[in-house]
Amino acid sequence: MSKKEFSGAPLIEVSHLKKYFNVPAGVNHAVDDISFTIHKGETVGVVGESGCGKSTLGRTIIRLLEATDGTVLLNGKDITHVKGKELKEVREQVQIVFQDPYSSLNARMNINSTIMEPLKRSGRYKGKKELAEKANELMDLVGIDERLRNAYPHELDGGRRQRVGIARALALEPHFIVCDEPVSALDVSIQAQVLNLLMDLQDQMGMAYMFVTHDLSVVRHISDNICVMYLGQLVEKCSTEELFANNLHPYTKALLSAIPTTDVHHPMQRIQLKGEITSPINPKPGCRFASRCPYATAACSEPQELTEVSKNHFVSCCRVAEIN
């Protein structure tokens, strides 16, 4: 069971989404046939090692990258290829908080101007007074001190910069936010503050999050459901509690075994992966984890499908019943 129950039509429906990049060596399958849903008020964590396609997936969903194939529905409407005025409307409903809060902010604009920029472009607010009131409301919401509102990004620490990024993302009251490793560049104590801020804002405003991270401790704290990615594909999908209590895919088991523990009496048995990492460029059919999997057989060279092995628990592994 997840921390919350979600019913009704999904806010975001991702169906067979693909994003390929042409590179000199061939075609990089960065996101390859991914499907899942996110409901209003839900947080879906997307985890996996660096280079697995997590960030590319998030950016493709919100149209920062154009999809190669597949569809993305927002409130039941296909937004995969909308343009012009329709795309502008989509931009107001979906936003992103970037990993690096410094490079994502304009160094030439002070904090007040940065947050007012989307408000001006939306055309919703008339006059300087109304814009200033809304900008101040946003800065109060995320906890930016009044004395810092005319400061520039280089004058702030990482946590405050990320609060600016969050305020900017919230400016037009979006329904869905991609959080692209928003705390990975921050100190541990600041991470907790930003995570709690995101959760409080979700409770207040009812937004949905897709939370991209490689830190399983973080994703356990904030997510209702988790998708595990490996080389562009989903290998396991279920509720957060189910994943940590009953993980089934060999790659998920290896990921969880790497979580640091302070329990000296019951240390985690590390699963050391061996073998070559399969190239995401022109990959062969079959399980992409097979070259590193201790349970791989000839059957793993056949195409794998994400299959429901128990209620709302999906795994892409033909040997899942034998190894668990």
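## Helix α1 and the sheet

Helix α1 (residues 54-61) lies across β1, β2 and β4, and runs at about 115° to β1. Here contact means heavy atoms within 4.5 Å, and axes are lines fitted to C-alpha atoms, for helices over the stretch in contact, with angles from 0 to 180 degrees between N-to-C directions. Helices (H or I, at least four residues) and strands (E, at least two) are DSSP runs numbered from the N terminus.

This is a predicted model, in which local features need pLDDT of at least 70 and side-chain atom pairs count only at pLDDT 80 or more, while totals for chains, interfaces and linings use all residues. Residues are numbered from 1 along each chain as its sequence is written, and side-chain values use heavy atoms, with hydrogens and water left out.

## Strand order and pairing

The open sheet has 4 strands in the order β2-β1-β4-β5, with antiparallel pairing; two strands pair if DSSP finds at least two bridges between them. Its edge strands, β2 and β5 (77-78), each pair on one side only.

Strands β1 (residues 12-23) and β2 (residues 26-38) run antiparallel and are joined by 10 bridges. They form a hairpin with 2 residues between them, and V23 stands opposite G26 in β2. Strand β4 (residues 69-74) is joined to β5 by 2 bridges, also antiparallel, with L73 opposite D78 in β5.

## Helices α3 and α4

The axes of α3 (residues 111-122) and α4 (residues 127-142) come within 9 Å and cross at roughly 115°. Residues of α3 in the contact include I111, I115 and L119, and those of α4 include L131, A135 and L138.

## Pockets

On a 1 Å grid over the protein atoms alone, a pocket is an open set of points where a 1.4 Å probe fits, with protein on both sides within 12 Å along at least five of seven lines; lining residues have an atom within 4 Å of a point. Grid points are joined across faces, edges and corners, and a volume is the space filled by probe spheres set on the points.

The largest pocket holds about 1,200 Å³ of space. Its lining has 41 residues, with S35, F36, K237, L306 and F314 nearest the centre. β1, β2, β9 (225-230) and β10 (233-239) are the elements that give two or more residues to this lining.

The second largest pocket has a volume of about 340 Å³. Of its 16 lining residues, L64, R91, E92, V94 and Q95 are the closest to the centre. At least two lining residues come from each of α2 (84-93), β6 (94-97), α3 and α5 (158-170).
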